[in-house]
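This report describes the fold, the packing and selected side-chain contacts of a single model. The sequence and coordinates are shown first, and the account then begins with one residue and its surroundings.

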Amino acid sequence: MLGAIAVLAIGWIVGSSSGQGRGDGAASTLRILLQELVAQVEIDPAEGLRLRALPSDPRFSPDGRELYWEVEGPSGERLRSNSLGKNTALLPPSGEETSMRIRPMVGPDGLKLVGLEERVRFGASTVRVAVAVEVLGSQ
């Protein structure tokens, strides 16, 4: 059942990127949010992974519970949105990576999400970045 919901959710996101179905523009929104997040990533030799600025969209706040992000640096350190809390990860553990860029994800309290995941090169380093949105009606 969960697999069927995930397939439908992915279809909803992918379909919406071409203007079909409910939630027009959701995939485009995820791509824009991912690009904005990547633009803030910095790998500082002294401080490690950091963001120049946090995403300003209020839906990333702990009260927002609508949008989520996570960044994993080359040494495995992770930064995440306050909306995810401390015990939730969007990205699978290193070495357990998925080949899907748009895929189902699990948020706080088992909340169903659909997210976009990407590997980004910063010079010789690779960073994994994910953004996700709550699936409509998942609460």
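Beyond residues up to four places away in sequence, Glu72 touches Leu49, Glu77, Arg78, Leu91, Ser94, Thr126, Val127 and Arg128 in this predicted model. Glu72 is part of strand 3. Its relative accessibility is 6%, under the 20% limit, and therefore Glu72 counts as buried. The side chain of Glu72 is joined to that of Arg78 by a polar contact of 3.0 Å.

Five strands form an open sheet in the order 4-3-7-6-5, and their pairing is antiparallel. Strand 4 (78-80) and strand 5 (102-106) each have a single partner strand and stand at the edges, so one side of each has no neighbour in the sheet. On average, neighbouring strands of this sheet are turned by 25 degrees against each other, direction ignored. Within the sheet, strand 6 pairs with strand 7, and Val114 stands opposite Val133 of strand 7.

A separate pairing involves strand 1 and strand 2, which form a hairpin with three residues between them. In this pairing Val41 stands opposite Leu51 of strand 2.

| Pair | Residues of the named strand(s) | Bridges |
|---|---|---|
| Strand 6 and strand 7 | 112-122 and 125-134 | ten |
| Strand 1 and strand 2 | 41-44 (strand 1) | four |

Helix 2 (residues 26-40) lies across strand 3 (67-72), strand 5, strand 6 and strand 7, and runs at about 140 degrees to strand 7. The largest nonpolar core comprises 21 residues, and those with the most contacts inside it are Leu37, Trp69, Val71, Val129 and Val131. Two or more residues of this core come from each of helix 2, strand 2 (48-51), strand 3, strand 6 and strand 7. Helix 2 gives the most, with five residues.

Val129 illustrates the packing. Leaving aside neighbours within four places in sequence, Val129 is in contact with Leu34, Leu37, Val38, Glu70, Val71, Leu91, Leu116, Glu117, Glu118 and Val120. A second, separate core has nine residues, among them Tyr68, Leu90, Leu91 and Ala132.

**Surroundings of Gln40**

Which residues does Gln40 touch, not counting those up to four places away in sequence? They are Arg50, Leu51, Arg52 and Ala53. Gln40 lies in helix 2. Its relative accessibility of 25% falls between the 20% and 50% limits, and so Gln40 counts as partly exposed. A polar atom of the Gln40 side chain lies 3.2 Å from the backbone nitrogen of Ala53. Gln40 and Pro55, 15 residues apart in sequence, have a C-alpha to C-alpha separation of 8.4 Å.

**Confidence**

The protein chain has an average pLDDT of 78, and 73% of its residues score at least 70. Confidence is highest in strand 3, at 94, and lowest in helix 1 (residues 2-17), at a mean of 42. The pLDDT is below 50 over residues 1-24, a stretch that has 33 contacts in the model beyond near neighbours in sequence. Where pLDDT is low, predicted coordinates should not be read in detail.

Definitions and conventions: Residues numbered from 1 in each chain as written. Predicted model: local features only at pLDDT ≥ 70, side-chain atom pairs only at ≥ 80, totals over all residues. Heavy atoms only, no water. Pairing = 2+ DSSP bridges. Axes fitted to C-alpha atoms, helices over the stretch in contact; angles between N-to-C directions. Contact = heavy atoms within 4.5 Å. pLDDT = per-residue confidence, 0-100. Core = buried A, V, L, I, M, F, W, Y, C linked by side-chain atoms within 4.5 Å. Buried < 20%, exposed > 50% of the residue type's maximum accessible area, 1.4 Å probe, protein only. Polar contact = N/O pair within 3.5 Å; in protein donor to acceptor, adjacent residues only side chain to side chain.
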